[in-house]
Amino acid sequence: MQAAIKIGVIYGSIREGRICDRVVKWLIRQLTLYPQIDLEIIDPLDFGLPARHDSDHPEMVRLASRLNAADAFIVVTPEYNHSFTAALKFVLDAFNEPWHGKPVAFVSYGGISGGLRAVEQLRLVFAELHAVTIRDTVSIVAPWNRFDEDGSLEGPEDALKLLARMMARLQWWAHALSAARAERPYRNIAA
């Protein structure tokens, strides 16, 4: 039996009244049905992050610790102006090693594209951070019409099918890369 994997669920928005809260509530409810995972919720609003990257700042140290502890990540991201948010970019750029050799999956939401343009840009950033992105995503069009305040999703059938495929692949990658990192830490790979 494989050990449980720790998945960091990262909020991609810090806007007041954010839909991200509803999407994450739905996601967490669904993920509790998956055995062998432990969830770590990482909301930038839970940290008193400084205005600039300062690796010695106590809140940056605390965030780095949470990211380092994760075996894999699910980024829940909106799409704003065909991209992802500045707050998410700040979190990604603040650290390097916590992302190395780890898989990242996406749950996106937005207008007609369902947030997929933000995901495509995030794939480029994560490639630079030496992370492996999962091809399969959950993409939700017009979430403001589909989620209630408690995170219940209207017509969830397609999203649940997409989530099942994404989670199967995320778990596979998480186990494979955890074993690889244990055998040979990524930081020890010479150029």
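**Contacts and packing**

Me: Leaving aside neighbours within four places in sequence, what is Thr137 in contact with?
Reply: Thr137 is in contact with Phe106, Leu116, Val119, Arg123, Leu162 and Met166, when neighbours within four places in sequence are left aside. Contact means heavy atoms within 4.5 Å.

Me: Before we continue, what kind of model is this?
Reply: This is a predicted model, in which local features need pLDDT of at least 70 and side-chain atom pairs count only at pLDDT 80 or more, while totals for chains, interfaces and linings use all residues. Residues are numbered from 1 along each chain as its sequence is written, and side-chain values use heavy atoms, with hydrogens and water left out.

Me: Thank you. Where does Thr137 lie?
Reply: Thr137 is in the loop between β5 and β6. Strands here are DSSP runs of E with at least two residues, helices are runs of H or I with at least four, and both are numbered from the N terminus.

Me: Is Thr137 buried or exposed?
Reply: Thr137 has a relative accessible area of 12%, so it is buried. Buried means under 20% relative accessible area, exposed means over 50%, and partly exposed is in between, with a 1.4 Å probe and protein chains only.

Me: How far is Thr137 from Ser108, C-alpha to C-alpha?
Reply: The two C-alpha atoms are separated by 7.6 Å, although Thr137 and Ser108 are 29 residues apart along the chain.

Me: And Asp136, what does that touch?
Reply: Not counting residues up to four places away in sequence, Asp136 touches Arg165, Met166 and Arg169. Asp136 is also in the loop between β5 and β6, and it counts as buried because its relative accessibility is 8%. Its C-alpha atom is 5.1 Å from that of Met166, which is 30 residues away in sequence.

Me: Let us change topic. How do the side chains along β6 point?
Reply: They alternate along residues 138-141.

Me: In which sense do β4 and β6 pair?
Reply: Strand β4, residues 103-110, pairs with β6 in the parallel sense over 4 bridges. Pairing requires that DSSP finds at least two bridges between the strands. Opposite Ile140 in β6 stands Tyr109.

Me: Now the helices. At what angle do the axes of α3 and α4 cross?
Reply: They cross at roughly 15°, and the axes come within 11 Å. That makes α3 roughly parallel to α4. Axes are lines fitted to C-alpha atoms, for helices over the stretch in contact, and angles run from 0 to 180 degrees between N-to-C directions. Under 35 degrees counts as roughly parallel, over 145 as roughly antiparallel, 65 to 115 as roughly perpendicular and the rest as oblique.

Me: Which residues of α3 and α4 meet?
Reply: Leu88, Lys89 and Leu92 in α3 meet Leu122, Val125 and Phe126 in α4. The residues of this contact divide into 5 nonpolar, no polar and 1 charged. Nonpolar covers Ala, Val, Leu, Ile, Met, Phe, Trp, Tyr, Cys and Pro; charged covers Asp, Glu, Lys and Arg; the others, Gly among them, are polar.

Me: What do the buried residues of α3 pack against?
Reply: These residues are Ala87, Leu88, Phe90, Val91 and Leu92. They pack against β1, α2, β3 and α4.

Me: How do α1 and α6 pack?
Reply: Helix α1 and helix α6 pack at an angle of about 60°, with their axes 12 Å apart. They are therefore oblique to each other. Trp26, Leu27, Gln30 and Leu31 of α1 make the contact with Ala159, Leu160, Leu163 and Met167 of α6. The residues of this contact divide into 7 nonpolar, 1 polar and no charged.

Me: One last topic: what is the phi of Asn81?
Reply: Asn81 has a positive phi of about 50°, although it is not a glycine. Asn81 is in the loop between β3 and α3, and its relative accessible area of 76% makes it exposed. His130 also has a positive phi, near 65°, and is a residue other than glycine. Most residues other than glycine have a negative phi. His130 is in the loop between α4 and β5, and at 38% relative accessibility it counts as partly exposed.
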